Amino acid sequence: MSLLRSEGQAEKSTIDNKLLNILHLSSAQFLGGGERYLADLANSFSRRGHQVHVVTRPHSPVVDQLSEVPRNNLATLPLRNSLDAFSARRLAGLIKKNRIQIVHAHMARDYPLAAYAVQRNPSARLIVTRHVLFPMNRLHKLTLSRVGRVIAVSDAVGIQLRSEKIVPHQKITVVANGIDADRFAKTAAEFDREKFLRETNLPSDALLVGTVGEIKPLKGQEEFLRAAAQIANGRANVFFIVAGLDGSPRQENKRMLERLTDELGLRARVRFVEWLEDVAKLYAALDVFVSPSRAESFGLAIVEAMASQTAVVSTSTEGAKTTIIPDRTGILVPVGDVAALASKINFLLDDQQARERIAIQAAEDVRKRFSLDRMVDETERIYFETALP
């Protein structure tokens, strides 16, 4: 069944047609996997008829992704840090004014503010999503003492949360990330590769290998470039794309990668892309997508590339081991092993049939296991289980 709805057709709540007042909270300054997750949930719940509100920092990139949320339901607060008393009080006021029943916080630094605001509104319940494997601290144990539910985006995150004993095990639920697979498949089907190569001044026989993610050491762009150097040495028609924003204060991470690119003699072969209006077009352009991360809790970009019917090579992070069936829907290599990364990318570039077979199987698997409807259904069920009668 298609995830797309015809124009004007609203999705219905799956829980006895009841509707909720929901508020999503995020202080994110960059658009990553967690922010796309928030936007997908907010848009989907709006289509289902729920009253959805979203609170962000001013100029948040998340706002542009909220196509289904009424503009009047968007608000901004400073959200400076976990102890921002002004934002916490204002948030409590917004919850009261809009009779919010579910407050869903998406970043650890926002959990304390959301917890305070919910405590001031006895009719509201707090839900938080944990997107990363980093441990939480004592402040979170205190502020989450009355949390309704903690959603883990993968089994790996669920295991990490249970080991920390921040909240009772029964309050932790794994809801694997989901994506709108139809959107990525549609973009891939309509993508004009020849036009793309012309517009980017690349040769018509170019093979493209790329990675997508925030520019920071954890994402492994250094290993990607070192693998690229090994590949480029024997291939004149392979080009490499590094897509993502650098959140460091003075762009130190990107500057380091640019210096490394020069040291490796790759300046003519690497394209840095800071921002993409539609990342699906990049996935469609690539022959091989690479996730070189040193750690990944889920790997949303991996699943998006799979949905785009693009072959994937990834390091064996906990998230990648959740999303990829080895040698069937993608290829896994040891974390930090540049030689193995280069070897497997070369294998896929050499073998078009293997590349296409893995890509087709990956797209089919995404539809079965990582659909947006499934994620929204499971999250909605948690909302209703947690909300007061």
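This is a predicted model: local features need pLDDT of at least 70, side-chain atom pairs count only at pLDDT 80 or more; totals for chains, interfaces and linings use all residues.
Trainee: What about S12, which strands does it pair with?
Mentor: S12 (residues 311-315) pairs with S13 in the parallel sense over 3 bridges. Strand S11 (residues 288-291) also pairs with S12 in the parallel sense, over 4 bridges.

Trainee: How many residues of S12 are buried?
Mentor: The count is 5 of its 5 residues, so to speak a mostly covered strand.

Trainee: Which ones point which way?
Mentor: Ala311, Val313 and Thr315 point one way, and Val312 and Ser314 point the other way. All of these are buried. In a regular strand, side chains alternate between the two faces of the sheet.

Trainee: Switching to helices. At what angle do H13 and H14 pack?
Mentor: Helix H13 (residues 338-350) and helix H14 (residues 352-369) pack at about 100 degrees, and their axes are 5 Å apart. The two are therefore roughly perpendicular to each other.

Trainee: Which residues meet there?
Mentor: From H13 you have Phe347, Leu348, Leu349 and Asp350. They meet Gln352, Ala354, Arg355 and Ile358 in H14. That contact divides into 5 nonpolar, 1 polar and 2 charged residues.

Trainee: And H3, how many of its residues are buried?
Mentor: In helix H3 (residues 111-119), 7 of its 9 residues are buried, which makes the helix mostly covered. The buried ones are Tyr111, Pro112, Leu113, Ala114, Ala115, Ala117 and Val118.

Trainee: What covers them?
Mentor: The cover includes strands S1 (21-26), S4 (102-105) and S5 (125-130), along with helices H2 (85-97) and H4 (138-143).

Trainee: OK, aromatics. How many pairs does a search of the whole structure find?
Mentor: The search finds 6 aromatic pairs. One of them is Phe45 with Tyr383, a tilted pair at 5.1 Å centre to centre with 35 degrees between the planes.

Trainee: Where do those two lie?
Mentor: Phe45 is in helix H1 (residues 33-47) and Tyr383 is in helix H15 (residues 372-386), so the pair ties together parts 338 residues apart in sequence. Phe45 is buried, with a relative accessible area of 0%. Tyr383 also counts as buried, at 0% relative accessibility.

Trainee: What about Phe224 and Phe240, how are their rings placed?
Mentor: Their centres are 6.2 Å apart and their planes stand at 80 degrees, so the pair is edge-to-face. Phe224 is in helix H8 (residues 221-232) and Phe240 in strand S9 (residues 238-243), 16 residues apart. Both Phe224 and Phe240 are buried.

Trainee: Which residues form an aromatic cluster?
Mentor: Phe184, Tyr283 and Phe289 form one.

Trainee: Now loops. Where does Val153 lie?
Mentor: Val153 is in the loop between strand S6 (149-152) and helix H5 (155-164). At 1% relative accessibility, Val153 counts as buried.

Trainee: Which residues does Val153 touch?
Mentor: Leaving out residues up to four places away in sequence, its contacts include Tyr37, Thr129, His131, Val175, Asn177 and Phe298.

Trainee: Last one: what is the phi of His59, and is the residue buried or exposed?
Mentor: His59 has a positive phi of about 65 degrees although it is not a glycine. His59 is exposed, with a relative accessible area of 83%, and sits in the loop between strand S2 (51-56) and strand S3 (74-76).

Trainee: And Asp327, where is that?
Mentor: Asp327 is in the loop between helix H12 (318-323) and S13. Its phi is positive, about 65 degrees, although Asp327 is not a glycine. Asp327 is exposed, with a relative accessible area of 57%.

Methods: Residues are numbered from 1 along each chain as its sequence is written. Side-chain values use heavy atoms; hydrogens and water are left out. Axes are lines fitted to C-alpha atoms, for helices over the stretch in contact, and angles run from 0 to 180 degrees between N-to-C directions. Angles under 35 degrees count as roughly parallel, over 145 as roughly antiparallel, 65 to 115 as roughly perpendicular and the rest as oblique. Contact means heavy atoms within 4.5 Å. Ala, Val, Leu, Ile, Met, Phe, Trp, Tyr, Cys and Pro count as nonpolar, Asp, Glu, Lys and Arg as charged, and the others, Gly among them, as polar. Two strands pair if DSSP finds at least two bridges between them. Rings of Phe, Tyr and Trp (its six-membered ring) pair if their centres lie within 6.5 Å; planes under 30 degrees apart count as stacked, over 60 as edge-to-face and the rest as tilted. Buried means under 20% relative accessible area, exposed over 50%, partly exposed in between (1.4 Å probe, protein chains only).
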